[in-house]
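I opened the notebook to record what I looked up, and in which order.

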Amino acid sequence: MSGKSFVEKELSAPSVFKDESKLSPDYVPPSLLHREEELRILARTFRSLAEAPGEASYRLILRGPIGSGKTALAKRFGSDFEAYVRKKKINFKYVHVNCREEGSFYGVLKNIIRRNFERGFPSRGYSSQELLSIFIEILDKNNLHVLLALDELEALIRKEGGDPLFSLTRLYEGRPPGSPQRLSLICIFREPECEEAFKLLDASTLSTLGHNTVKLEGYTSGQLKEILEYRVHEAFQENAVEPEALELAADLAGETGDARFAIELLWLGGKFADTARSPRLLPEHIRAAQMNIHPSLRREDLKLLSLHEKLLLLAVARALRLSQTAYLPIGDVEKEYSAVCEEYREKPRAHTQTWKYVKTLGMSGMMSTKISGKGQRGKTTLLGLYVSSERLEEELRRMLESKKHG
Ligand SMILES: Nc1ncnc2c1ncn2[C@@H]1O[C@H](COP(=O)(O)OP(=O)(O)OP(=O)(O)O)[C@@H](O)[C@H]1O
Ligand SMILES: [Mg+2]
(Lines give C-alpha, C1' and ligand atoms only; values in the text may rest on other atoms or scores of the structure.)
(Ligands and ions follow the chains in the order given, each with its own letter.)
Protein backbone atom coordinates (compact mmCIF):
# COMPACT_ATOMS: atom_id res chain seq x y z
CA MET A 1 0.00 0.00 0.00
CA SER A 2 1.28 3.42 -0.82
CA GLY A 3 1.66 5.87 2.01
CA LYS A 4 -0.45 8.56 0.35
CA SER A 5 -3.96 9.26 1.56
CA PHE A 6 -6.81 9.50 -0.93
CA VAL A 7 -7.03 13.24 -0.46
CA GLU A 8 -3.30 13.65 -0.90
CA LYS A 9 -3.42 11.68 -4.13
CA GLU A 10 -6.29 13.82 -5.39
CA LEU A 11 -4.46 17.00 -4.54
CA SER A 12 -1.23 15.95 -6.18
CA ALA A 13 -2.96 14.77 -9.40
CA PRO A 14 -1.94 16.83 -12.42
CA SER A 15 -4.15 19.77 -13.32
CA VAL A 16 -4.81 21.74 -16.49
CA PHE A 17 -4.58 24.90 -14.40
CA LYS A 18 -1.43 26.80 -13.66
CA ASP A 19 -3.11 29.51 -11.58
CA GLU A 20 -6.86 29.21 -11.24
CA SER A 21 -7.17 32.44 -9.26
CA LYS A 22 -6.47 34.33 -12.48
CA LEU A 23 -9.98 33.38 -13.57
CA SER A 24 -11.74 34.50 -10.39
CA PRO A 25 -14.28 37.32 -10.77
CA ASP A 26 -12.26 39.67 -8.55
CA TYR A 27 -9.08 39.39 -10.55
CA VAL A 28 -8.41 42.28 -12.93
CA PRO A 29 -6.00 41.39 -15.72
CA PRO A 30 -3.06 43.74 -16.38
CA SER A 31 -4.43 44.70 -19.76
CA LEU A 32 -7.86 44.74 -21.31
CA LEU A 33 -8.04 43.77 -24.93
CA HIS A 34 -10.39 45.72 -27.19
CA ARG A 35 -10.92 48.44 -24.62
CA GLU A 36 -8.05 50.76 -25.55
CA GLU A 37 -10.30 53.47 -26.95
CA GLU A 38 -12.43 53.46 -23.80
CA LEU A 39 -9.37 53.65 -21.55
CA ARG A 40 -8.22 56.61 -23.58
CA ILE A 41 -11.51 58.43 -22.96
CA LEU A 42 -11.24 57.75 -19.23
CA ALA A 43 -7.71 59.09 -19.18
CA ARG A 44 -8.72 62.21 -21.06
CA THR A 45 -11.69 62.84 -18.79
CA PHE A 46 -9.76 62.60 -15.54
CA ARG A 47 -6.43 63.93 -16.71
CA SER A 48 -6.90 67.30 -14.98
CA LEU A 49 -7.06 65.54 -11.62
CA ALA A 50 -3.40 64.77 -12.09
CA GLU A 51 -2.55 68.27 -13.26
CA ALA A 52 -4.67 70.56 -11.14
CA PRO A 53 -6.20 68.51 -8.34
CA GLY A 54 -9.02 70.21 -6.47
CA GLU A 55 -9.92 72.67 -9.21
CA ALA A 56 -12.99 70.82 -10.35
CA SER A 57 -14.93 67.63 -9.91
CA TYR A 58 -15.12 65.35 -12.96
CA ARG A 59 -17.79 62.79 -13.71
CA LEU A 60 -18.27 60.07 -16.22
CA ILE A 61 -20.98 57.54 -16.98
CA LEU A 62 -19.84 54.04 -17.91
CA ARG A 63 -22.57 51.80 -19.26
CA GLY A 64 -22.90 48.49 -21.05
CA PRO A 65 -24.48 45.04 -20.93
CA ILE A 66 -23.59 42.19 -18.59
CA GLY A 67 -20.03 40.94 -18.93
CA SER A 68 -18.94 43.75 -21.26
CA GLY A 69 -16.06 44.66 -18.96
CA LYS A 70 -17.42 47.69 -17.07
CA THR A 71 -16.09 46.68 -13.67
CA ALA A 72 -12.78 45.46 -15.05
CA LEU A 73 -12.34 48.65 -17.08
CA ALA A 74 -13.04 50.96 -14.15
CA LYS A 75 -10.74 49.01 -11.82
CA ARG A 76 -7.93 48.76 -14.36
CA PHE A 77 -8.11 52.47 -15.07
CA GLY A 78 -8.46 53.35 -11.39
CA SER A 79 -5.44 51.48 -10.23
CA ASP A 80 -3.17 52.56 -13.12
CA PHE A 81 -4.34 56.15 -12.75
CA GLU A 82 -3.75 56.09 -9.00
CA ALA A 83 -0.20 54.88 -9.53
CA TYR A 84 0.40 57.64 -12.07
CA VAL A 85 -1.04 60.46 -9.96
CA ARG A 86 0.83 59.39 -6.85
CA LYS A 87 4.09 59.57 -8.72
CA LYS A 88 3.37 63.27 -8.99
CA LYS A 89 3.25 63.47 -5.19
CA ILE A 90 -0.47 64.11 -5.19
CA ASN A 91 -2.42 62.49 -2.40
CA PHE A 92 -4.90 60.48 -4.45
CA LYS A 93 -7.00 57.35 -4.08
CA TYR A 94 -9.24 55.31 -6.37
CA VAL A 95 -12.19 53.81 -4.50
CA HIS A 96 -14.51 51.20 -6.02
CA VAL A 97 -17.85 50.27 -4.42
CA ASN A 98 -20.63 48.01 -5.59
CA CYS A 99 -23.93 49.72 -4.79
CA ARG A 100 -26.04 46.60 -5.18
CA GLU A 101 -23.92 44.72 -2.68
CA GLU A 102 -23.90 47.57 -0.17
CA GLY A 103 -27.68 47.78 -0.43
CA SER A 104 -28.14 51.46 0.44
CA PHE A 105 -26.47 54.84 0.24
CA TYR A 106 -25.81 54.52 3.94
CA GLY A 107 -24.07 51.18 3.39
CA VAL A 108 -22.05 52.60 0.51
CA LEU A 109 -20.74 55.51 2.59
CA LYS A 110 -20.16 53.48 5.73
CA ASN A 111 -18.07 50.95 3.86
CA ILE A 112 -16.08 53.54 1.96
CA ILE A 113 -15.07 55.00 5.32
CA ARG A 114 -14.45 51.64 6.97
CA ARG A 115 -12.48 49.98 4.21
CA ASN A 116 -10.35 52.94 3.30
CA PHE A 117 -9.98 55.18 6.30
CA GLU A 118 -11.29 54.09 9.70
CA ARG A 119 -11.65 50.38 10.19
CA GLY A 120 -13.40 50.73 13.50
CA PHE A 121 -15.95 53.28 12.30
CA PRO A 122 -19.26 52.65 14.14
CA SER A 123 -21.94 51.01 12.03
CA ARG A 124 -24.85 52.99 13.45
CA GLY A 125 -25.72 56.36 14.80
CA TYR A 126 -25.46 58.59 11.76
CA SER A 127 -27.68 59.65 8.92
CA SER A 128 -26.34 59.24 5.40
CA GLN A 129 -26.01 63.02 5.12
CA GLU A 130 -23.84 63.01 8.24
CA LEU A 131 -21.76 60.16 6.88
CA LEU A 132 -21.21 62.11 3.70
CA SER A 133 -19.98 65.13 5.68
CA ILE A 134 -17.68 62.88 7.70
CA PHE A 135 -16.29 61.44 4.47
CA ILE A 136 -15.60 64.90 3.07
CA GLU A 137 -13.98 65.97 6.35
CA ILE A 138 -11.68 62.97 6.14
CA LEU A 139 -10.65 64.04 2.65
CA ASP A 140 -10.01 67.60 3.82
CA LYS A 141 -8.11 66.49 6.89
CA ASN A 142 -5.81 64.29 4.81
CA ASN A 143 -5.60 66.63 1.85
CA LEU A 144 -6.78 63.69 -0.21
CA HIS A 145 -8.43 63.51 -3.65
CA VAL A 146 -10.67 60.60 -4.50
CA LEU A 147 -11.99 59.11 -7.70
CA LEU A 148 -15.02 57.11 -6.63
CA ALA A 149 -16.52 54.42 -8.87
CA LEU A 150 -20.12 53.59 -8.04
CA ASP A 151 -20.69 50.19 -9.62
CA GLU A 152 -24.21 48.85 -10.37
CA LEU A 153 -25.52 52.27 -9.48
CA GLU A 154 -28.94 51.49 -10.98
CA ALA A 155 -29.64 49.32 -7.94
CA LEU A 156 -29.16 52.26 -5.60
CA ILE A 157 -31.25 54.61 -7.72
CA ARG A 158 -34.09 52.12 -7.92
CA LYS A 159 -34.07 51.96 -4.18
CA GLU A 160 -33.48 55.55 -3.16
CA GLY A 161 -34.17 57.57 -6.29
CA GLY A 162 -31.96 60.48 -7.24
CA ASP A 163 -31.12 61.73 -3.73
CA PRO A 164 -27.75 60.01 -3.28
CA LEU A 165 -26.47 61.30 -6.59
CA PHE A 166 -27.95 64.69 -5.92
CA SER A 167 -25.93 64.96 -2.70
CA LEU A 168 -22.76 63.60 -4.25
CA THR A 169 -22.82 66.04 -7.12
CA ARG A 170 -23.64 69.11 -5.04
CA LEU A 171 -21.12 68.62 -2.27
CA TYR A 172 -19.43 71.90 -2.78
CA GLU A 173 -22.43 74.17 -3.03
CA GLY A 174 -22.51 76.57 -0.11
CA ARG A 175 -18.85 76.11 0.69
CA PRO A 176 -16.51 79.08 0.52
CA PRO A 177 -15.41 79.77 -3.05
CA GLY A 178 -12.06 78.25 -3.81
CA SER A 179 -12.54 75.23 -1.51
CA PRO A 180 -10.84 72.31 -3.22
CA GLN A 181 -13.17 69.83 -4.90
CA ARG A 182 -11.91 66.50 -3.78
CA LEU A 183 -14.38 64.00 -5.17
CA SER A 184 -14.78 62.85 -8.78
CA LEU A 185 -17.11 60.09 -9.94
CA ILE A 186 -17.36 57.16 -12.32
CA CYS A 187 -20.99 56.08 -12.42
CA ILE A 188 -21.36 52.52 -13.70
CA PHE A 189 -24.66 51.29 -15.07
CA ARG A 190 -25.67 47.91 -16.41
CA GLU A 191 -27.80 47.91 -19.53
CA PRO A 192 -30.66 47.56 -20.12
CA GLU A 193 -31.63 47.70 -16.42
CA CYS A 194 -30.38 51.26 -16.12
CA GLU A 195 -33.04 52.70 -18.42
CA GLU A 196 -35.60 52.47 -15.65
CA ALA A 197 -33.20 54.03 -13.18
CA PHE A 198 -32.53 56.96 -15.48
CA LYS A 199 -36.26 57.69 -15.50
CA LEU A 200 -36.08 58.19 -11.75
CA LEU A 201 -33.44 60.89 -12.06
CA ASP A 202 -34.41 64.45 -12.74
CA ALA A 203 -32.86 66.27 -15.65
CA SER A 204 -30.55 68.43 -13.54
CA THR A 205 -29.03 65.47 -11.68
CA LEU A 206 -28.53 63.68 -14.97
CA SER A 207 -26.82 66.69 -16.45
CA THR A 208 -24.51 67.17 -13.45
CA LEU A 209 -23.34 63.62 -14.05
CA GLY A 210 -21.64 65.14 -17.01
CA HIS A 211 -21.74 64.64 -20.66
CA ASN A 212 -18.99 62.12 -20.71
CA THR A 213 -20.42 58.73 -21.41
CA VAL A 214 -18.54 55.58 -22.28
CA LYS A 215 -20.87 53.03 -23.76
CA LEU A 216 -19.49 49.50 -24.00
CA GLU A 217 -20.81 47.04 -26.55
CA GLY A 218 -20.87 43.32 -25.90
CA TYR A 219 -17.83 41.51 -27.33
CA THR A 220 -17.98 39.67 -30.64
CA SER A 221 -16.99 35.99 -30.79
CA GLY A 222 -13.74 37.02 -32.46
CA GLN A 223 -12.91 39.47 -29.68
CA LEU A 224 -13.83 36.92 -27.04
CA LYS A 225 -11.51 34.45 -28.65
CA GLU A 226 -8.58 36.83 -28.27
CA ILE A 227 -9.59 37.68 -24.71
CA LEU A 228 -9.78 33.99 -23.84
CA GLU A 229 -6.41 33.25 -25.43
CA TYR A 230 -4.90 35.89 -23.22
CA ARG A 231 -6.67 34.68 -20.07
CA VAL A 232 -5.80 31.05 -20.84
CA HIS A 233 -2.17 32.00 -21.02
CA GLU A 234 -2.37 33.40 -17.49
CA ALA A 235 -4.41 30.64 -15.90
CA PHE A 236 -3.69 27.34 -17.67
CA GLN A 237 -0.66 25.16 -18.24
CA GLU A 238 0.91 25.55 -21.62
CA ASN A 239 -1.01 23.68 -24.35
CA ALA A 240 -3.56 22.46 -21.82
CA VAL A 241 -6.46 24.06 -23.68
CA GLU A 242 -7.41 22.60 -27.03
CA PRO A 243 -7.86 25.51 -29.50
CA GLU A 244 -11.23 24.15 -30.57
CA ALA A 245 -12.43 24.16 -26.97
CA LEU A 246 -11.45 27.80 -26.65
CA GLU A 247 -13.21 28.65 -29.87
CA LEU A 248 -16.35 26.88 -28.74
CA ALA A 249 -16.40 28.87 -25.50
CA ALA A 250 -15.95 32.10 -27.47
CA ASP A 251 -18.78 31.17 -29.83
CA LEU A 252 -21.17 30.22 -27.06
CA ALA A 253 -20.51 33.44 -25.17
CA GLY A 254 -20.49 35.45 -28.39
CA GLU A 255 -24.28 35.10 -28.58
CA THR A 256 -24.56 37.68 -25.83
CA GLY A 257 -21.07 39.19 -25.94
CA ASP A 258 -20.58 38.29 -22.29
CA ALA A 259 -16.92 37.87 -21.29
CA ARG A 260 -17.87 36.71 -17.81
CA PHE A 261 -19.77 33.77 -19.26
CA ALA A 262 -16.87 32.94 -21.58
CA ILE A 263 -14.44 32.88 -18.65
CA GLU A 264 -16.80 30.83 -16.50
CA LEU A 265 -17.06 28.27 -19.29
CA LEU A 266 -13.29 27.96 -19.38
CA TRP A 267 -12.93 27.71 -15.65
CA LEU A 268 -15.65 25.11 -15.21
CA GLY A 269 -14.47 23.28 -18.33
CA GLY A 270 -11.03 23.08 -16.71
CA LYS A 271 -12.62 21.63 -13.58
CA PHE A 272 -14.34 18.96 -15.64
CA ALA A 273 -11.09 18.14 -17.43
CA ASP A 274 -9.34 17.72 -14.07
CA THR A 275 -12.12 15.55 -12.69
CA ALA A 276 -11.95 13.36 -15.78
CA ARG A 277 -8.15 13.22 -15.37
CA SER A 278 -7.82 14.59 -18.88
CA PRO A 279 -4.50 16.34 -19.52
CA ARG A 280 -6.22 18.74 -21.90
CA LEU A 281 -9.38 20.81 -21.84
CA LEU A 282 -11.48 19.51 -24.75
CA PRO A 283 -14.63 20.80 -26.45
CA GLU A 284 -16.56 18.14 -24.57
CA HIS A 285 -15.57 19.76 -21.27
CA ILE A 286 -16.83 23.12 -22.48
CA ARG A 287 -20.12 21.51 -23.45
CA ALA A 288 -20.41 19.97 -20.02
CA ALA A 289 -19.65 23.35 -18.48
CA GLN A 290 -22.27 24.98 -20.63
CA MET A 291 -24.86 22.45 -19.52
CA ASN A 292 -24.07 23.44 -15.98
CA ILE A 293 -24.03 27.18 -16.31
CA HIS A 294 -26.23 27.70 -19.27
CA PRO A 295 -29.76 26.44 -19.04
CA SER A 296 -30.94 27.49 -15.63
CA LEU A 297 -29.10 30.70 -15.29
CA ARG A 298 -29.51 32.17 -18.70
CA ARG A 299 -30.87 35.57 -18.02
CA GLU A 300 -32.79 35.62 -21.28
CA ASP A 301 -34.60 32.44 -20.25
CA LEU A 302 -35.24 33.66 -16.75
CA LYS A 303 -36.63 36.89 -18.10
CA LEU A 304 -39.26 35.03 -20.09
CA LEU A 305 -40.75 33.52 -16.95
CA SER A 306 -44.00 34.98 -15.64
CA LEU A 307 -43.88 37.03 -12.47
CA HIS A 308 -45.11 34.20 -10.26
CA GLU A 309 -42.80 31.66 -11.83
CA LYS A 310 -39.95 33.99 -10.94
CA LEU A 311 -41.26 34.40 -7.39
CA LEU A 312 -41.58 30.65 -6.98
CA LEU A 313 -38.11 30.00 -8.33
CA LEU A 314 -36.75 32.65 -6.01
CA ALA A 315 -38.49 30.87 -3.13
CA VAL A 316 -36.86 27.57 -4.14
CA ALA A 317 -33.42 29.19 -4.33
CA ARG A 318 -33.77 30.96 -1.03
CA ALA A 319 -35.20 27.99 0.85
CA LEU A 320 -32.42 25.74 -0.45
CA ARG A 321 -29.74 28.22 0.43
CA LEU A 322 -31.09 28.57 3.95
CA SER A 323 -31.63 24.85 4.52
CA GLN A 324 -28.31 23.88 2.92
CA THR A 325 -29.91 20.65 1.72
CA ALA A 326 -30.03 19.21 -1.78
CA TYR A 327 -33.82 18.95 -1.92
CA LEU A 328 -36.80 20.36 -0.09
CA PRO A 329 -40.40 19.14 0.13
CA ILE A 330 -42.76 21.24 -1.93
CA GLY A 331 -44.61 22.27 1.23
CA ASP A 332 -41.53 24.04 2.59
CA VAL A 333 -41.06 25.82 -0.70
CA GLU A 334 -44.67 26.96 -0.68
CA LYS A 335 -44.18 28.55 2.73
CA GLU A 336 -41.16 30.42 1.43
CA TYR A 337 -43.13 31.37 -1.68
CA SER A 338 -45.80 33.05 0.49
CA ALA A 339 -43.09 35.01 2.27
CA VAL A 340 -41.53 36.04 -1.03
CA CYS A 341 -44.93 37.15 -2.36
CA GLU A 342 -45.48 39.25 0.72
CA GLU A 343 -42.11 40.89 0.24
CA TYR A 344 -42.97 41.78 -3.34
CA ARG A 345 -46.52 42.75 -2.40
CA GLU A 346 -48.10 40.03 -4.51
CA LYS A 347 -50.96 37.71 -3.67
CA PRO A 348 -49.68 34.11 -3.67
CA ARG A 349 -51.31 31.83 -6.26
CA ALA A 350 -53.37 28.87 -5.09
CA HIS A 351 -51.83 25.44 -4.59
CA THR A 352 -53.07 23.99 -7.90
CA GLN A 353 -51.56 26.86 -9.82
CA THR A 354 -48.21 26.67 -7.99
CA TRP A 355 -48.19 22.98 -8.75
CA LYS A 356 -48.46 23.80 -12.46
CA TYR A 357 -45.57 26.22 -12.17
CA VAL A 358 -43.48 23.53 -10.50
CA LYS A 359 -44.20 21.23 -13.43
CA THR A 360 -43.29 23.74 -16.13
CA LEU A 361 -40.17 24.88 -14.31
CA GLY A 362 -39.18 21.24 -13.89
CA MET A 363 -39.80 20.45 -17.52
CA SER A 364 -37.84 23.42 -18.78
CA GLY A 365 -34.84 22.33 -16.70
CA MET A 366 -34.88 25.36 -14.43
CA MET A 367 -35.21 23.15 -11.40
CA SER A 368 -35.22 19.47 -10.60
CA THR A 369 -38.16 17.60 -9.16
CA LYS A 370 -38.40 14.13 -7.74
CA ILE A 371 -40.71 12.08 -5.57
CA SER A 372 -39.56 11.30 -2.05
CA GLY A 373 -38.51 7.72 -1.49
CA LYS A 374 -39.81 5.15 0.91
CA GLY A 375 -39.46 5.70 4.59
CA GLN A 376 -41.25 9.01 4.62
CA ARG A 377 -44.90 9.06 5.44
CA GLY A 378 -46.80 9.50 2.19
CA LYS A 379 -45.10 10.60 -0.94
CA THR A 380 -44.16 14.15 -1.50
CA THR A 381 -42.53 16.06 -4.32
CA LEU A 382 -39.03 17.26 -3.65
CA LEU A 383 -37.56 20.30 -5.36
CA GLY A 384 -33.92 21.03 -6.08
CA LEU A 385 -31.70 23.14 -8.32
CA TYR A 386 -28.96 22.41 -10.82
CA VAL A 387 -27.24 25.70 -10.23
CA SER A 388 -25.92 27.69 -7.31
CA SER A 389 -28.92 28.83 -5.29
CA GLU A 390 -27.03 31.94 -4.33
CA ARG A 391 -26.41 33.03 -7.89
CA LEU A 392 -29.91 32.22 -9.02
CA GLU A 393 -31.32 34.15 -6.09
CA GLU A 394 -29.15 37.12 -6.91
CA GLU A 395 -30.12 37.08 -10.58
CA LEU A 396 -33.85 36.81 -9.84
CA ARG A 397 -33.75 39.50 -7.20
CA ARG A 398 -32.08 41.79 -9.65
CA MET A 399 -34.88 41.18 -12.13
CA LEU A 400 -37.62 41.54 -9.56
CA GLU A 401 -36.13 44.59 -7.91
CA SER A 402 -37.79 46.94 -10.38
CA LYS A 403 -41.13 45.43 -9.53
CA LYS A 404 -40.63 45.98 -5.82
CA HIS A 405 -39.78 49.62 -6.05
CA GLY A 406 -41.71 50.52 -9.17
N1 LIG B 1 -11.21 43.16 -22.47
C2 LIG B 1 -11.05 42.20 -21.56
N3 LIG B 1 -9.89 41.51 -21.51
C4 LIG B 1 -9.72 40.55 -20.57
N5 LIG B 1 -10.67 40.18 -19.69
C6 LIG B 1 -11.86 40.82 -19.72
C7 LIG B 1 -12.10 41.86 -20.65
N8 LIG B 1 -13.36 42.33 -20.47
C9 LIG B 1 -13.89 41.62 -19.46
N10 LIG B 1 -13.00 40.71 -19.00
C11 LIG B 1 -13.24 39.77 -17.92
O12 LIG B 1 -14.57 39.30 -18.05
C13 LIG B 1 -15.24 39.21 -16.80
C14 LIG B 1 -16.47 40.09 -16.79
O15 LIG B 1 -16.09 41.45 -16.88
P16 LIG B 1 -16.72 42.55 -15.89
O17 LIG B 1 -16.98 41.95 -14.56
O18 LIG B 1 -15.88 43.74 -15.95
O19 LIG B 1 -18.11 42.79 -16.64
P20 LIG B 1 -19.26 43.85 -16.26
O21 LIG B 1 -19.56 44.62 -17.49
O22 LIG B 1 -18.88 44.59 -15.04
O23 LIG B 1 -20.48 42.87 -15.98
P24 LIG B 1 -21.74 43.07 -14.98
O25 LIG B 1 -22.74 43.93 -15.69
O26 LIG B 1 -22.27 41.69 -14.77
O27 LIG B 1 -21.23 43.68 -13.71
C28 LIG B 1 -14.20 39.60 -15.77
O29 LIG B 1 -13.59 38.43 -15.28
C30 LIG B 1 -13.20 40.43 -16.55
O31 LIG B 1 -11.91 40.33 -15.98
MG1 LIG C 1 -19.65 44.64 -13.13
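Which residues are buried in helix 5? I treated this as a predicted model, in which local features need pLDDT of at least 70 and side-chain atom pairs count only at pLDDT 80 or more, while totals for chains, interfaces and linings use all residues. Residues are numbered from 1 along each chain as its sequence is written, and chains are lettered from A and ligands numbered from 1 in the order in which they are written.

I found Phe105, Tyr106, Val108, Leu109, Lys110 and Ile112 buried in helix 5 (20 or more other C-beta atoms within 10 Å of the residue's own, with C-beta atoms placed from the backbone). Helices are DSSP runs of H or I with at least four residues, and strands are runs of E with at least two, numbered from the N terminus. I noted that the cover over these buried residues includes strand 2 (92–98), helix 4 (99–102) and helix 6 (128–142), where contact means C-beta atoms, placed from the backbone, within 7 Å.

Next I turned to the domains, whose bounds come from an automatic or database domain assignment: domain 1 (36–215), domain 2 (219–297) and domain 3 (302–405). The C-alpha centres of domain 1 and domain 2 lie 34 Å apart, and five residues of domain 1 are in contact with six residues of domain 2.

Last, I checked ligand 1, which 21 residues surround, the closest being Gly69, Lys70, Thr71, Ala72 and Ala259 (C-beta atom, placed from the backbone, within 6 Å). Domain 1 and domain 2 both give residues to this shell, so ligand 1 lies between them.

Technical notes
Buried ≥ 20, exposed ≤ 12 C-beta atoms within 10 Å, placed from the backbone. Contact = placed C-beta atoms within 7 Å.
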